[in-house]
Amino acid sequence: MSVVNEGPALSTLSANVHQGVSQPRILIVEDERALAKVLAYNLQREGYETIVAHDGQEGLRKAQTQLPDLVILDLMLPVMSGLDVCRELRAGEKTRDIPILILTAKAEETDQIVGFSLGADDYVTKPFSVKVLLQRIKALQRRTETATDAGEIIEHLGVRIDRVRHRATCKGQVLELTPTEFRLLETLVRQPGRAFSRHQLMDSAIGGGAVVLERTIDVHIKTLRRKLGDPDLIETVRGLGYRFREAPRVD
Ligand code: CA
């Protein structure tokens, strides 16, 4: 598949070359123009390069052609919904690892996102303060950076995690995991036998500073156990949280 490089992408590229630094690039997909403008202004002040799209289709196209470091994605968008954009980004080979921060106004949508069924990394409910949004963006970035620095393949009790290919398998079977489930499993498998509190797991898998209920972790663990096909691999540590089984079970 060939990707057409359009004018704006080339001009932002040369701007980077002139400055001699690579600024993190954030794509803002938001149809409320005033809000998009305020976000772009504040992000630029913090040293980010910004790209703005005002509908879902334009957002998807800009994400695919300009490959931003992070996408801020409104859910209620004209032409193509934020949910569809999110799915398309997760399905694309080049875009599947781009962190996505969802902007949502409706409580019911928030519930859906808490399940992380669409593969978003984090969400912020409108109205929000720019300060909070910036904190969440930084938390997401830290998480992505840590992920690229650490070891590449880890394996324990038949569960194998390939960080470079972003692939997890259990006894050779590929596991279909959301980004959050992937990070959660990786955190546990990296240190078998170590007990993690729910809070620690939230920090490593969802990002420090995120306001997420502790039961969210329980929901993710439940899904992970089901996907692993062996409920005993992740053990419950009563009154604390969870750990990955250290030694094989003796039957
Ligand atoms: Ca909207």
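**Close-up views of a predicted model**

**View 1. The calcium site.** The calcium ion has as its protein donors Asp31 (OD), Asp74 (OD) and Met76 (O), which lie 2.1 to 2.4 Å from the ion. The model shown in this and the following views is predicted. Along the chain, the donors of the calcium ion are spaced as D-x42-D-x1-M. Two of these donor residues, Asp74 and Met76, may be described by their accessibility. Asp74 has a relative accessible area of 3%, and because buried means under 20%, Asp74 is classed as buried. Met76, by contrast, has a relative accessibility of 48% and counts as partly exposed, since that class lies between the 20% limit for buried and the 50% limit for exposed.

**View 2. The chain as a whole.** The chain comprises 9 helices and 12 strands. Of its 251 residues, 48% are buried. Among contacts in the chain with a separation of 6 or more, 58% are between residues 24 or more positions apart.

**View 3. Helix H4 and its buried face.** Helix H4 spans residues 82–91, and its buried residues are Gly82, Val85, Cys86, Leu89 and Arg90. Viewed down the axis of H4, these buried residues fall within an arc of 130°, and they therefore line one face of the helix. The elements against which the buried residues of H4 pack are helix H3 (56–66), strand S3 (70–74), strand S4 (100–104) and helix H7.

**View 4. The open sheet S6-S7-S8-S9.** Four strands form an open sheet in the order S6-S7-S8-S9, and their pairing is antiparallel. Strand S6 (153–156) and strand S9 (173–175) are the edge strands, each pairing on one side only. From one strand to the next, the twist averages 20°. Helix H7 (residues 179–190) packs on this sheet and touches S6, S7, S8 and S9, with its direction at about 115° to that of S7. Within the sheet, strand S7 (residues 159–162) and strand S8 (residues 167–170) are joined by 4 bridges in the antiparallel sense. Val159 has Cys170 in S8 as its bridge partner.

**View 5. Helix H7.** Helix H7 is mostly covered, with 11 of its 12 residues buried. The buried residues are Pro179, Thr180, Glu181, Phe182, Arg183, Leu184, Leu185, Glu186, Thr187, Leu188 and Val189.

**View 6. Strands S10, S11 and S12.** Strand S12 (residues 241–244) pairs with strand S10 (residues 196–197) in the antiparallel sense over 2 bridges. In this pairing, Ser197 stands opposite Gly241 in S12. Strand S11 (residues 234–237) also pairs with S12 in the antiparallel sense, here over 4 bridges. Thr236 is placed opposite Tyr242 of S12. The hairpin of S11 and S12 has 3 residues between the strands, and Gly239 in this hairpin adopts a positive phi near 75°.

How values were computed: Residues numbered from 1 in each chain as written. Predicted model: local features only at pLDDT ≥ 70, side-chain atom pairs only at ≥ 80, totals over all residues. Heavy atoms only, no water. Pairing = 2+ DSSP bridges. Axes fitted to C-alpha atoms, helices over the stretch in contact; angles between N-to-C directions. Contact = heavy atoms within 4.5 Å. Donors = N, O, S within 2.8 Å, 3.2 Å for Na, K, Ca; no water. Buried < 20%, exposed > 50% of the residue type's maximum accessible area, 1.4 Å probe, protein only. Arc of directions from axis to C-beta.
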